[in-house]
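User: I'm new to this one and would like a quick tour. Can you take my questions one at a time?

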Amino acid sequence: MKQMEVVGVRVEMPSNQPIVLLKETEGDRYLPIWIGAVEATAIAFAQQGVLPARPLTHDLFRDVLEALSVQLRTVNITALREGIFFADLVFSNGVEVSARPSDSIALALRTGATIFASEDVLEEAGVAIPDEQEDEVEKFREFLDTISPEDFGRAG
């Protein structure tokens, strides 16, 4: 498993499909995962520190875990089958729960859990961007600074 960091979310054109981009903490591979608009908003809210008037689903899940004295330790992106990514939530009490990577990432950002991706997933879907192309990633980061969660649709 390779530790990952969340670069951010954006809308892929022309499909108008939101995407979350992860990067190896120690490496040059990026992992793009297409996600839903609601999850894109939840990830963007967490990254930007936006506190909604009422808890969104991922905020509620974090609050329930806290009330139960259970911590989300890690998010493991474990597989890619037929174009669908799979993840596991690993809790402090040893319990593991299968989840969508988009929900897992949104929850990890709210709880401080570490995100990992399996080497198999990175080999299949990872994109290596050498240092000399890092300016393209910087352009993506700049783009992320210009958008708001509302750009991904209604945050239900």
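User: Which side chain does Asp59 meet in a salt bridge at 2.7 Å, N to O?
Analyst: This is a predicted model, where local features need pLDDT of at least 70, side-chain atom pairs count only at pLDDT 80 or more, and totals for chains, interfaces and linings use all residues. Residues are numbered from 1 along each chain as its sequence is written, and side-chain values use heavy atoms, with hydrogens and water left out. A salt bridge puts a side-chain nitrogen of Lys or Arg within 4 Å of a carboxyl oxygen of Asp or Glu. Here the partner of Asp59 is Arg110.

User: How many residues apart in sequence are the parts that Asp59 and Arg110 tie together?
Analyst: Helices are DSSP runs of H or I, at least four residues, and strands are runs of E, at least two, numbered from the N terminus. Asp59 sits in helix α2 (residues 57-67) and Arg110 in helix α3, so the pair joins parts separated by 51 residues.

User: Is Asp59 buried or exposed?
Analyst: Buried means under 20% relative accessible area, exposed over 50%, and partly exposed in between (1.4 Å probe, protein chains only). Asp59 has a relative accessible area of 9%, so Asp59 is buried.

User: How many salt bridges does a search of the whole structure find?
Analyst: Another one pairs Glu39 with Arg100 (2.5 Å, N to O). The whole-structure search comes to 7.
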